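Dear colleague,

I am handing over the structure we spoke about, with the sequence alongside. Please look through it first, and then read the notes below, which go from single residues to the chain as a whole.

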Amino acid sequence: MGTTTSTMENDIESSVIKLFGNNVYDEEMPIPISSLECMENKSTAAMHAPEEICLTIVDSSPDHHFLHINNEYNYELDYMTVDTPKIQLQHNNVTNDDYNCTGLLTRATECLMDVKSEYMASDIPVEIINNDVTSEENGGQTDHIKKYQLLYKAALKGDWLTAKRILKADSNAITAKITMNDETVLHVAAASRHSMFVEKLVKLVPLDSLALKNSEGETMLHVVAAAGIIRAAKVMVTKNPNLTQMPDASGWVPLVTAVYTANPLEEKSKKMVHYLCSVTRDEEPSPYSGVAGGSLISITIASNLYDVALNLVQQYPSLATEKNESGYSALEVMAARPSSFTSGSEATTWERFLRSFRVQIHEKDLMHTQALALVKCICKEISLKSSADIFKFFEDSHILEEATRFGAFYIVLECVQTFPDLLCVKMKTNNTILEEAIKYRRENMFNLICEMNAGKKLATSVDGNNNTILHLVAKRADPQQLNSVIGAALQMQRELQWYQEVENIVLQRHRQKKNNEGKTPRALFTEEHKDLLEKAEKWMKDTANSCMIVATLITTVVFAAVFTVPGGNVSDIASSKEGIPIFLNTTSFTVFAVADALALFSSITSVLMFFSILSSRYAEDDFLFSLPKKLITGFVTLFFSIAAMIVAFGAALSIVLEQRWAWAPIPIALFACIPVTLFALLQLPLFVTIVRSTYGTIFRRKDQHMQWAY
């Protein structure tokens with residue numbers, strides 16, 4: 001029989017101590033707690049309390065060894081949870097002609113009874129658990145899933161000591177398929193990401209067994225690559241260099257699996273990808289060409305590994321135009337990921353503030369730089385083709401359509417700069433870039449076309465239904481793009497701004513042109529935006545009504561404060577100063593009076609502005625300038641009235657308290673800043689958005705993007 005470890009002895013000892021606590025044993029009797037002593041007496045018992053695990057005998061020819069399963073392995077087949085104390089001997093019965101299993105059980109049972117009669121209470125039952133790991137459905141052959149369950153659980157938990165004992169006793173265990181998915185112990189351990197366990201296990205795997213595949217066609221290297229265990233991968237590739245070229249059932253080599261599961265922010269994942277790139281060979285069937293190559297570059301881009309993708313395109317130029325199984329090329333995949341570019345996603349107010357002071361978010365900027373370099377590299381490779389092939393490539397793809405739809409401005413910019421004639425190319429939607437930019441409200445792309453003086457030419461187009469581009473902009477914007485603007489009123493304003501801008505570039509005779517349905521662009525705009533107009537009116541009224549209530553309360557409070565001045569008035573009838581405030585000549589009183597007056601005047605102005613909004617006619621054009629300007633004025637005066645009211649309150653409190661506490665004005669001033677600052681922070685984003693939308697413009701005609709490369 002094999003030897004045991006101190007760990008086993010400690011586990012048995014802890015079980016015995018627990019039994020003492022439960023008064024299971026006769027405390028006057030000596031108890032053998034050493035597993036070595038048990039083995040010398042040919043006994044294989046583990047005495048335990050409820051919820052404790054038994055000592056398990058695992059048999060395999062030519063040797064037998066003991067394995068102690070602790071209570072962390074909570075599996076029914078390992079042990080049985082009992083309500084009353086009992087002695088258990090668990091035996092995994094394996095069909096093997098080299099030794100007599102029945103005789104072994106008999107001897108073990110006799111040893112158990114001897115230990116029980118000598119050391120334990122008489123009412124403790126003995127239970128023999130015989131796990132039969134043969135399958136009747138399989139003609140009595142060994143069921144490897146049952147046989148190697150202990151090994152499977154050890155691999156799941158990363159218990160190398162347990163696995164090592166099993167592997168030492170059974171040389172076939174390391175290559176046995178121990179799960180329903182035909183996975184070996186290495187597959188299981190790697191999937192559980194136990195790196196030390198895998199690294200030790202790889203050294204034991206025979207050379208010819210490294211290529212064993214599971215039911216999904218994955219070799220051991222596929223699983224190790226997904227787990228990012230680079231040292232194990234290096235050992236595997238050194239043993240069998242052909243592993244890097246073996247595809248799984250999906251046609252993915254380990255490199256593709258590593259890229260698919262990689263985390264660009266995790267260093268070990270990137271190291272695994274770079275290593276597999278260096279050892280994966282360009283041999284037929286090559287993973288760098290055809291559909292396999294298209295899948296590789298597409299997955300690399302989708303995983304945000306732009307530096308890896310750039311290196312791949314530079315090393316294998318054909319990847320620039322290869323398509324994956326879905327028919328998408330590298331540029332099409334990038335077009336659907338605008339967040340990789342700085343302009344691809346709307347920056348928050350805070351991010352814009354940081355960038356204005358050149359405080360950069362490193363990861364985003366690095367991703368943008370790498371993605372832009374990749375786009376330039378791909379366009380350069382495409383430009384090496386003939387003009388006919390270039391236009392066929394773009395006509396057969398969705399690059400420009402997807403880039404315009406998702407707002408990937410830099411892809412459109414680079415493509416147009418490299419191939420200017422693409423501006424006139426009709427996409428599969430039968431629209432030009434200008435029409436797609438209008439449809440999806442992409443102002444940066446609209447500006448780009450206008451900067452190239454191509455807008456006037458493209459603006460003359462009329463489709464088969466007699467719709468001009470003014471009819472196109474008259475249709476309601478895509479909900480996703482529309483919802484990027486805060487509030488229904490500002491959404492209506494943005495739609496009017498788009499209509500007005502497109503109207504400036506169309507032909508005069510197209511402004512009143514009717515389509516086949518007999519609708520002019522303006523009539524179509526009114527029809528399409530009827531619901532939005534109602535929502536905008538409700539939003540504006542609700543906002544104005546809420547703010548007017550606050551402004552009215554401020555007016556009431558500060559008006560009443562004039563007649564109840566702090567400290568009171570002189571009440572001496574004989575005095576010439578009768579009725580004059582007592583603290584009239586103090587600085588604090590002057591601050592109070594001025595602040596109170598300003599609060600009153602500004603709050604009244606705010607009330608008038610919001611009342612003007614409530615009484616407005618709410619026509620379409622009112623949302624372009626009139627209503628937003630009134631709302632801005634109302635917000636400014638309301639904020640000023642709140643600040644002035646707080647100052648007046650602080651001054652009044654200082655007048656009352658400074659005679660006793662000279663330091664009182666300091667904390668009063670500090671605490672007074674809290675509500676003012678809070679109001680500013682809560683309302684500032686909306687206020688800034690309204691100001692930028694009303695007084696700024698999203699349409700620019702300066703040549704700030706085009707940098708022609710000759």
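In the loop between which two helices does Arg193 lie? The answer is the loop between α7 (185–191) and α8 (195–202), and please keep in mind here and throughout that the model is a predicted one.

Backbone

Arg193 is worth a look because, with a relative accessible area of 44%, it is partly exposed, and its phi is positive, at about 60°, although the residue is not a glycine. Tyr618, which is likewise not a glycine, has a positive phi near 60°, and its place is in the loop between α29 (587–614) and α30. Tyr618 counts as buried, since its relative accessibility is 5%. As background, most residues other than glycine have a negative phi, and most peptide bonds are trans. The peptide bond from Glu284 to Pro285 is cis, with omega near -5°, and Pro285 is found in the loop between α12 (267–279) and α13 (290–302).

The chain as a whole

The protein chain has 31 helices and seven strands, and of its 710 residues 48% count as buried. Its accessible surface comes to about 35400 Å², with 55% of that belonging to carbon and sulfur atoms. Among the contacts in the chain with a separation of 6 or more, 72% are accounted for by residues 24 or more positions apart. A search of the whole structure finds zero disulfides; of the cysteines, Cys277 counts as buried at 19% relative accessibility, whereas Cys424 is partly exposed, with a relative accessible area of 42%.

Helix α20 (residues 409–418) is an example of a mostly covered element, with eight of its ten residues buried. The buried residues of α20 include Phe409, Ile411, Val412 and Leu413, and Glu414 and Gln417 are also among them.

Annotated spans

An unreviewed UniProt entry carries the annotation "transmembrane region" for residues 547–568, 588–611, 631–656 and 668–691.

Trp539 lies in helix α28 (residues 530–562). When its neighbours within four places in sequence are left aside, Trp539 is in contact with Gly487, Ala488, Ala489, Leu631 and Leu686. The C-alpha atoms of Trp539 and Ala488 are separated by 6.3 Å, although the two residues are 51 residues apart along the chain.

Another tryptophan, Trp661, is found in the loop between α30 (626–657) and α31 (665–695). Together with Trp663, Ile666 and Leu670, Trp661 makes a nonpolar surface patch of about 480 Å². The residues of such a patch must have over 30% relative accessible area, and Trp661 is partly exposed at 35%.

Salt bridges

The structure holds 16 salt bridges, of which I describe a few. In one of them, Asp307 pairs with Lys270, and the closest N and O atoms are 3.7 Å apart. Asp307 lies in helix α14 (residues 306–315) and Lys270 in helix α12, so the pair ties together parts that are 37 residues apart in sequence. Asp307 is buried, with a relative accessible area of 18%, whereas Lys270 is partly exposed, with a relative accessible area of 22%.

A second salt bridge joins Asp621 to Arg522, with the closest N and O atoms 3.1 Å apart. Because Asp621 lies in the loop between α29 and α30 and Arg522 in helix α27 (residues 521–528), this pair ties together parts that are 99 residues apart in sequence. Both partners are partly exposed, Asp621 with a relative accessible area of 46% and Arg522 at 28% relative accessibility.

Lys519 forms a salt bridge with Glu517, the closest N and O atoms being 3.7 Å apart, and Glu517 counts as exposed, at 63% relative accessibility. These two residues and Glu527 are linked in a network of salt bridges.

With best regards

Terms used: Residues are numbered from 1 along each chain as its sequence is written. This is a predicted model: local features need pLDDT of at least 70, side-chain atom pairs count only at pLDDT 80 or more; totals for chains, interfaces and linings use all residues. Side-chain values use heavy atoms; hydrogens and water are left out. Patches are made of residues with over 30% relative accessible area and no salt bridge: like charges are joined within 9 Å, nonpolar side chains (Val, Leu, Ile, Met, Phe, Trp, Tyr) within 5 Å. Accessible areas come from the Shrake-Rupley method with a 1.4 Å probe; for residues, only the protein chains shown count as cover. A salt bridge is a side-chain nitrogen of Lys or Arg within 4 Å of a carboxyl oxygen of Asp or Glu. Helices (H or I, at least four residues) and strands (E, at least two) are DSSP runs, numbered from the N terminus. Buried means under 20% relative accessible area, exposed over 50%, partly exposed in between (1.4 Å probe, protein chains only). Contact means heavy atoms within 4.5 Å. UniProt positions are given in the numbering used here, feature names are shortened, and annotations may be inferred rather than shown by experiment. A disulfide is a pair of cysteine sulfur atoms within 2.5 Å.
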